[in-house]
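Me: I would like to go through the labels attached to this model and ask what stands behind each of them.

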Amino acid sequence: MASSSSTYRSSSSSDGGNPSGSAVAVDDRKRKRMLSNRESARRSRMRKQKHVDDLTAQINQLSNDNRQILTSLTVTTQLYTKIQAENSILTAQMTELSTRLESLNEIVDLVTATNGGVDQIDGCGFDDRTVGINCDGYYDDMMSGVNPWGGSVYSNQPIMANDMMNMY
């Protein structure tokens, strides 16, 4: 440091030959520059700390958002699984009911085709509206037991889904 200030003093000829005045001016400038640098470094540290604090706050906010999204995703996945299971059950029930309806329609078509539109059982002329003696000569009152819904064997009553569920 001494050599730089002495070089500065020797090159400065405008101070009138007073070397101690120029040394004070140089020291003054040095001190001001050091204070300015310190202040600049302090501001830089403050900016850096503010930036770190902002990033920390952003991390906390994004973590909260992420937790909420994961919770929502979990709930949605559970609901999807539940609905998918219900859909599988309903599809199986629909398939079963469709098969049963096909079978019943085939029976109705078969009975209608073989009897020419007259309701008969076993081709012996037994009308479902009458109870009496069948082709073998036996009293036949068993038709009421054949139809689980009661009444006529060939009654046109719809089969309700609730009736089907109660059977199981």
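This is a predicted model: local features need pLDDT of at least 70, side-chain atom pairs count only at pLDDT 80 or more; totals for chains, interfaces and linings use all residues.

Reply: Residues are numbered from 1 along each chain as its sequence is written, and side-chain values use heavy atoms, with hydrogens and water left out.

Me: Why is K50 called exposed?

Reply: The relative accessible area of K50 is 52%, and exposed means over 50%, buried under 20%, and partly exposed in between (1.4 Å probe, protein chains only), so K50 counts as exposed.

Me: What makes the contact of D54 and K50 a salt bridge?

Reply: Their side chains meet at 3.2 Å, N to O, and a salt bridge requires a side-chain nitrogen of Lys or Arg within 4 Å of a carboxyl oxygen of Asp or Glu, so the pair qualifies. D54 and K50 are four residues apart in helix 2, which puts about one helical turn between them; helices are DSSP runs (H or I, at least four residues), numbered from the N terminus.

Me: How do you know that E39 and R42 form a salt bridge?

Reply: The N to O distance for E39 and R42 is 2.3 Å, which is within the cut-off, so this pair also counts as a salt bridge. E39, at 31% relative accessibility, counts as partly exposed.

How values were computed
Helices (H or I, at least four residues) and strands (E, at least two) are DSSP runs, numbered from the N terminus.
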